[in-house]
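Biologist: I am new to this structure and would like to learn how to read it. Please take me through it feature by feature.

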Amino acid sequence: MANATRGSGGLVMLFIEIINKYLYFFEKGNNQITVNTIQDLMELITTEMQSDNAATDSAAEAFFASTLRYIQFQKQKGGAVSEKYEPNVSFFVDLGRFESFLETENKLFR
């Protein structure tokens, strides 16, 4: 784990791992994981990935795009989990801000 934080690419991967864990606990109803926490982490990941200091890491971009697709899927599938996202997580609707990551992911898997 210590090696994962060396360099900005490893740090971004670590943040993406963390947001995936946060999403799991958010869906399970853990009230310590708030919408603001998830939003702040998404912004941090985006900022780190777009910074001039960060080397482009296609694996991190694909992983983040997969996380965004998962969020989108959870919102669309309906049921109890979708309800957790709908009223609280309005910022997830605007995935256009993360469109470049989704486009990169689509190019990788064609």
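**Reading the model**

Modeller: Contact means heavy atoms within 4.5 Å. This is a predicted model, in which local features need pLDDT of at least 70, side-chain atom pairs count only at pLDDT 80 or more, and totals for chains, interfaces and linings use all residues. Residues are numbered from 1 along each chain as its sequence is written, and side-chain values use heavy atoms, with hydrogens and water left out.

Biologist: Where is methionine 13 placed, and what is its relative accessibility?

Modeller: Methionine 13 lies in helix α1. Helices (H or I, at least four residues) and strands (E, at least two) are DSSP runs, numbered from the N terminus. For accessibility, buried means under 20% relative accessible area, exposed over 50%, and partly exposed in between, with a 1.4 Å probe and protein chains only. Methionine 13 has 27% relative accessibility, so it counts as partly exposed. In sequence, methionine 13 and aspartate 57 are 44 residues apart, while their C-alpha atoms are 9.2 Å apart in space.

Biologist: How many helices and strands does the chain have?

Modeller: The chain has five helices and zero strands. Along the sequence the pattern reads α-α-α-α-α. Of the 110 residues in the chain, 35% are buried. Among contacts with a separation of 6 or more, 65% join residues 24 or more positions apart.

Biologist: What is the average pLDDT of the chain?

Modeller: pLDDT is the predictor's confidence in each residue, from 0 to 100. The chain averages 75, and 65% of the residues score at least 70.

Biologist: How is a pair of packed helices described?

Modeller: Two packed helices are described by the angle between their axes and the distance between the axes. Axes are lines fitted to C-alpha atoms, for helices over the stretch in contact, and angles run from 0 to 180 degrees between N-to-C directions. Here the axes of helix α2 (residues 35–50) and helix α3 (residues 58–76) come within 12 Å and cross at roughly 150°. Angles under 35 degrees count as roughly parallel, over 145 as roughly antiparallel, 65 to 115 as roughly perpendicular and the rest as oblique. Helices α2 and α3 are therefore roughly antiparallel to each other.

Biologist: Is the crossing of α2 and α3 left-handed or right-handed, and which residues make the contact?

Modeller: A crossing is left-handed if the near helix is turned anticlockwise from the far one by less than a right angle, and right-handed if clockwise. The crossing of α2 and α3 is left-handed. Helix α2 contributes Met42, Ile45, Thr46 and Met49 to the contact, and α3 contributes Ala60, Glu61, Phe64, Leu68 and Ile71. By class, the contact has seven nonpolar, one polar and one charged residues. In this scheme Ala, Val, Leu, Ile, Met, Phe, Trp, Tyr, Cys and Pro count as nonpolar, Asp, Glu, Lys and Arg as charged, and the others, Gly among them, as polar.

Biologist: Is methionine 42 buried or exposed?

Modeller: Methionine 42, in helix α2, has a relative accessible area of 1% and is therefore buried. Its C-alpha is 7.5 Å from that of isoleucine 19, which is 23 residues away in sequence. Isoleucine 19 is in helix α1 and is buried, with a relative accessible area of 0%. Leaving aside neighbours within four places in sequence, isoleucine 19 is in contact with Ile38, Leu41, Met42, Ile45 and Thr67.

Biologist: What does threonine 67 contact?

Modeller: Beyond its neighbours within four places in sequence, threonine 67 is in contact with Ile16, Ile19, Asn20 and Leu23. Threonine 67 belongs to helix α3 and is buried at 2% relative accessible area.

Biologist: Which residues does glutamine 74 touch?

Modeller: Not counting residues up to four places away in sequence, glutamine 74 touches Glu27, Val81, Ser82 and Tyr85. Glutamine 74 is in helix α3 and is buried, with a relative accessible area of 3%.
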